[in-house]
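Good morning, and thank you for coming.

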Amino acid sequence: MAFDKSIAAFEAAYKVIPGGVDSPVRAFNSVGGTPPFIEYGKGAYLYDIDGNRYIDYVQSWGPLIFGHCDEDIESAVIETAKKGLSFGAPTMLETELAQEIVALFDTIDKIRFVSSGTEAVMSAIRLARGFTGKDDIVKFTGCYHGHSDSLLVQAGSGLATFGSPSSPGVPADLTKHTLLAKYNDIESVKKCFEDSTEGIACVIIEPIAGNMGLVPASEEFLQALRALCDAHGTLLIFDEVMSGFRASLTGAQGITTVKPDMVTLGKVIGAGMPVGAFGARKEIMAFLSPEGPVYQAGTLSGNPVAMAAGLASLRKLKKNPTLYVELGNKAKKLMDGFKKAAEAVNIPIVTDVRGSMFGFFFSDKPIKNFEEALHNDTKTFAKFHKGMLDKGIYLACSSFEAGFISTALTDEMIDETIKAAYEVLKEIRG
Ligand SMILES: *Cc1c(COP(=O)(O)O)cnc(C)c1O
């Protein structure tokens with residue numbers, strides 16, 4: 001495959017955009033090389049500016065569950081755009097999308113739309129703090145909740161659970177209220193509750209983590225977390241920005257029996273347009289401005305074109321009751337194929353699937369948390385990624401990312417992908 005035009009495009013971008021990209025993971029830093037620049041997408045395929053075609057397992061990092069240029073979503077967007085791009089005034093589209101979501105999630109009575117997952121989580125946390133009157137929050141190492149200041153934390157020095165900034169530019173004064181726990185480890189959460197003197201407003205978790213590779217929380221862990229939150233008057237937030245409409249129609253909530261107090265959504269909810277949202281039961285949402293005292297706002301929030309895209313996508317998802325079974329079967333078929341291909345050349349691999357999300361680690365041990373995920377063989381992954389890309393298979397460019405199945409993906413495409421995996425892994429083995 002030739003990448004000449006993409007390499008030149010990356011050099012041009014690099015001169016005017018930091019790192020050549022508008023979001024760091026796109027730069028291919030963890031796998032080496034430079035990223036293909038995309039010309040267009042169609043169904044399950046991506047086409048780059050050198051004319052290469054790829055089977056797309058990234059799907060804009062999750063949103064495109066119907067693949068690229070789905071006709072229904074495309075026409076909803078075009079028709080809505082013709083009426084104006086933004087008004088800064090209420091439209092019925094916002095109510096319609098809100099009604100669809102409220103009808104779907106028994107944990108959501110009211111919902112507020114914003115323009116990204118970052119914004120959704122940041123606002124949800126402010127609301128949780130306002131509602132409980134407490135400042136501290138708990139997050140799990142390896143879970144990603146967007147790039148707002150108080151969530152860019154890493155474990156501090158010493159034994160305390162209080163976080164320190166994971167990025168320059170974030171004041172330690174902001175992260176000292178964020179306590180860090182270990183995923184799937186309830187003792188570490190108990191320690192956070194012991195360490196917090198001010199009280200904990202909320203525990204935020206990706207109930208199916210997709211930002212340290214695919215690492216689901218166990219049912220017992222989520223139940224224990226719920227009990228602990230209840231005992232302390234702490235709100236439990238499920239960040240379903242990725243897993244929402246992906247793991248099942250209602251995300252992780254279609255899989256676990258545990259009910260969160262608040263839910264954040266994004267990605268699929270906008271079908272490729274910038275949308276995020278956070279919702280909860282009535283009493284909590286009543287604390288939000290202008291109904292209540294907790295301030296939150298957005299010039300482009302509930303943008304009509306974005307709402308139309310989300311609405312068209314959600315109605316399509318609701319129409320097909322067996323959709324997630326079909327997507328899940330495809331994900332399983334793909335992961336079984338990768339597993340056999342790796343085992344055929346004695347490369348250790350672990351795989352997992354939740355609905356249309358899949359994940360694999362080159363690892364000889366199962367992975368339950370970020371500390372364990374760090375031991376995956378990233379060198380083998382980088383070689384695998386490059387080999388697959390050269391064969392027209394577009395996988396996430398980091399071993400700490402989940403993969404996605406779209407309805408446009410056919411069994412033949414999966415067979416082609418597995419065949420490529422056999423060839424690439426054999427080459428890696430040498
Ligand atoms: C992607 C993601 C976010 C951030 O969403 P953006 O739209 O990128 O700001 C937050 N939480 C989770 C779980 C995500 O996967």
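I begin at the start of H6, where a side-chain oxygen of Asp185 comes within 3.1 Å of the backbone nitrogen of Glu187. Such a polar contact is a pair of N or O atoms within 3.5 Å; within protein, one must be able to donate a hydrogen and the other to accept it, and residues adjacent in sequence count only if both atoms are side-chain atoms. Helices (H or I, at least four residues) and strands (E, at least two) are DSSP runs, numbered from the N terminus.

Two remarks on the source. This is a predicted model, in which local features need pLDDT of at least 70 and side-chain atom pairs count only at pLDDT 80 or more, while totals for chains, interfaces and linings use all residues. Residues are numbered from 1 along each chain as its sequence is written, and side-chain values use heavy atoms, with hydrogens and water left out.

Which residues of H6 are buried? They are Ile186, Ser188, Val189, Cys192, Phe193 and Asp195. Buried means under 20% relative accessible area, exposed over 50%, and partly exposed in between, with a 1.4 Å probe and protein chains only. These buried residues of H6 pack against strand S5 (136-140), S8, strand S9 (200-205) and H7.

Let us turn to the aromatic rings. Rings of Phe, Tyr and Trp (its six-membered ring) pair if their centres lie within 6.5 Å; planes under 30 degrees apart count as stacked, over 60 as edge-to-face and the rest as tilted. By this rule there are 18 aromatic pairs. In one of them, Tyr183 and Phe221 have ring centres 6.3 Å apart and planes at 50°, so this pair is tilted. Because Tyr183 lies in the loop between strand S8 (178-181) and helix H6 (186-195), and Phe221 in helix H7 (residues 219-232), the pair ties together parts that are 38 residues apart in sequence. Tyr183 is buried, at 0% relative accessibility, and Phe221 is buried at 4%. Elsewhere, ring pairs join Phe338, Phe360, Phe362, Phe381 and Phe384 into a cluster.

One member of that cluster, Phe362, is also in contact with Asn376. Leaving aside neighbours within four places in sequence, the contacts of Asn376 (heavy atoms within 4.5 Å) are Phe361, Phe362, Ile367, Ser399 and Phe400. Asn376 lies in the loop between helix H11 (370-373) and helix H12 (378-390), and is buried with a relative accessible area of 4%.

What surrounds the ligand? Among the residues there are Ser116, Gly117, Thr118, Tyr144, Asp239 and Lys267, each with a heavy atom within 4 Å of the molecule. A backbone N or O atom of Gly117 is 2.8 Å from a ligand oxygen, and a polar side-chain atom of Thr118 is 2.6 Å from an oxygen atom of the ligand. For Asp239, a polar side-chain atom lies 2.7 Å from a ligand nitrogen.

Finally, the backbone. Ser289 and Pro290 are joined by a cis peptide bond, with omega about 5°, and Pro290 is placed in the loop between helix H8 (282-285) and helix H9 (304-319). Phe28, although not a glycine, has a positive phi of about 65°; its loop runs between helix H1 (4-16) and strand S1 (38-42), and Phe28 is buried at 4% relative accessible area.

Thank you for your attention.
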